[in-house]
Amino acid sequence: NESASGSHTRVTLSEDEIELLSMGLKHAFFPSSIDIKDVQAAFEDLFTQVTPHIERRSNLLKFKNCLMNCYNDFISNYFHSRRTNYYFSDKTHAVIKSLQSKIKQYDLVIMKADKGQTVVIMYRKVYVKKKKVPTATLR
């Protein structure tokens, strides 16, 4: 199904799911719960993988600071979003639940398209293979 968003899967989306996704990632929301240790491990894993490719110590320190800032921003935004009351209609809540279920069931990744304000839906294993991204960073 490829109407409002690009899909590189054989997963069928309902009209309501396509409409929700067509709003783009600016309308994304944080999950109701995350394991802070998993997030920290993903950032540490990224640092460990990139470190051998950075030769200058000054660049390594800049990368480390940038990564720490990203981590801190992510965590503070997550906790801020949990304090904010989001009011979804029952229908929108049901569509969100349906999408979450499909993401989990089919192990999907939803990301911003290279061009435009659309999203692309891919199987996680296909995305990892194409981008050669370590699986741990996508969990």
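I looked up Ile110 and found it opposite Ile121 in strand 3. The model is a predicted one, where local features need pLDDT of at least 70, side-chain atom pairs count only at pLDDT 80 or more, and totals for chains, interfaces and linings use all residues. Residues are numbered from 1 along each chain as its sequence is written, and side-chain values use heavy atoms, with hydrogens and water left out.

Entry on the strands. I noted that strand 2 (residues 108–112) and strand 3 run antiparallel and are joined by five bridges. Strands here are DSSP runs of E, at least two residues, and helices are runs of H or I, at least four, numbered from the N terminus; two strands pair if DSSP finds at least two bridges between them. Six residues lie between the two strands of this hairpin, and Gly116 in the turn has a positive phi of about 80°.

Entry on the cores. I listed the eight residues of the largest nonpolar core: Val11, Leu13, Ile18, Leu21, Leu99, Leu108, Val119 and Ile121. Helix 1 (15–21) and strand 3 (119–123) are the elements that give two or more residues to this core. Another core, of six residues, lies apart from it and includes Met111, Ala113, Val120 and Met122. A nonpolar core is a set of buried Ala, Val, Leu, Ile, Met, Phe, Trp, Tyr and Cys residues joined through side-chain atoms within 4.5 Å; buried means under 20% relative accessible area, with a 1.4 Å probe and protein chains only.

Entry on Leu108. Leaving aside neighbours within four places in sequence, I found Leu108 in contact (heavy atoms within 4.5 Å) with residues including Thr9, Val11, Ile121 and Tyr123.

Notes
Buried means under 20% relative accessible area, exposed over 50%, partly exposed in between (1.4 Å probe, protein chains only).
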